[in-house]
Amino acid sequence: MFAGILFVKLFLVRHPRPDVQKGLCYGDMDVPLVQGWEEGAKALKESLSLSFDAVSTIGYHSPLSRAAQLAEFVCDGRSQSVDALKELDFGDWEGVCWQDIPKAEIDLWADDIVYATPYNGESLQAVADRVWQWWLSVKDSPADNVVVVAHSGVIKVFVSLLCQWPLAQCHRINVGFSSVTEFSIQGDFVSLTRLGAGDWVSA
């Protein structure tokens with residue numbers, strides 16, 4: 001998988017908790033982070049303990065501000081914005097509380113969660129396609145560590161693709177705010193080292 005690279009660590013980091021109404025569907029909406037998010041980010045950065053430069057560590061992030069701000073903080077300003085890492089676009093559901101979305105539409109989505117788009121937005125398969133195409137374009141980058149700061153949906157898709165798990169079951173993967181999911185990659189061998197770790201996040 002990584003031609004010319006003996007061993008690579010991939011860190012998938014979810015953004016901190018956003019300052020939004022509880023139960024709001026905010027997919028690819030640009031929403032602010034809660035006040036004080038930097039405290040948890042500092043602990044996360046110390047836990048990663050990485051030196052960001054073109055040789056040892058490369059950073060990438062979603063352009064949405066909740067991910068971009070964390071990437072700027074954690075990656076010492078050395079992270080590249082990537083459109084392919086944006087959260088799923090929920091179309092008509094964006095900015096609507098989940099409890100206010102018609103049950104019939106939710107049921108249509110649940111019946112075919114990979115391809116259905118009753119919200120007139122982006123399908124889960126579309127997210128998987130753009131994330132994977134981007135990954136194939138950068139996976140051979142000459143670095144020992146790759147840090148990706150993104151969103152729950154993107155990380156769940158990423159984990160499913162790397163582990164070759166059914167995409168339709170990716171909702172079962174739990175990645176909390178400011179969590180880290182880590183892979184060790186050597187040649188064609190991919191090992192999931194930790195999933196959704198976030199011991200540094202205060203309750």
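What you're looking at is a predicted model, where local features need pLDDT of at least 70, side-chain atom pairs count only at pLDDT 80 or more, and totals for chains, interfaces and linings use all residues. Residues are numbered from 1 along each chain as its sequence is written, and side-chain values use heavy atoms, with hydrogens and water left out.

Let's start with helices. Two packed helices are described by the angle between their axes and the distance between the axes. Find H1 (residues 37-48) and H2 (residues 65-74): their axes come within 9 Å and cross at roughly 50 degrees. (Helices are DSSP runs of H or I with at least four residues, numbered from the N terminus; axes are lines fitted to C-alpha atoms over the stretch in contact, and angles run from 0 to 180 degrees between N-to-C directions.) That makes H1 and H2 oblique to each other, a word for angles that are not under 35 degrees, over 145 or from 65 to 115. On the H1 side, the residues that meet H2 include Trp37, Leu44 and Leu48, and H2 answers with Gln69, Leu70, Phe73 and Val74; contact here means heavy atoms within 4.5 Å.

Now move along to H4 (residues 124-138) and H5. Their axes come within 10 Å and cross at roughly 70 degrees, so H4 and H5 are roughly perpendicular to each other. Among the residues that meet are Trp132 and Trp135 in H4, and Val157 and Phe158 in H5.

H5 (residues 152-163) turns up again at the largest pocket, where this helix gives the most to the lining, with three residues. A pocket is an open set of points on a 1 Å grid over the protein atoms alone, where a 1.4 Å probe fits, with protein on both sides within 12 Å along at least five of seven lines; lining residues have an atom within 4 Å of a point. Here 26 residues line the pocket, and Arg14, Glu87, Phe90, Trp98 and Ser152 lie nearest its centre.

Definitions and conventions
Helix = DSSP H or I, 4+ residues; strand = E, 2+ residues; numbered from the N terminus.
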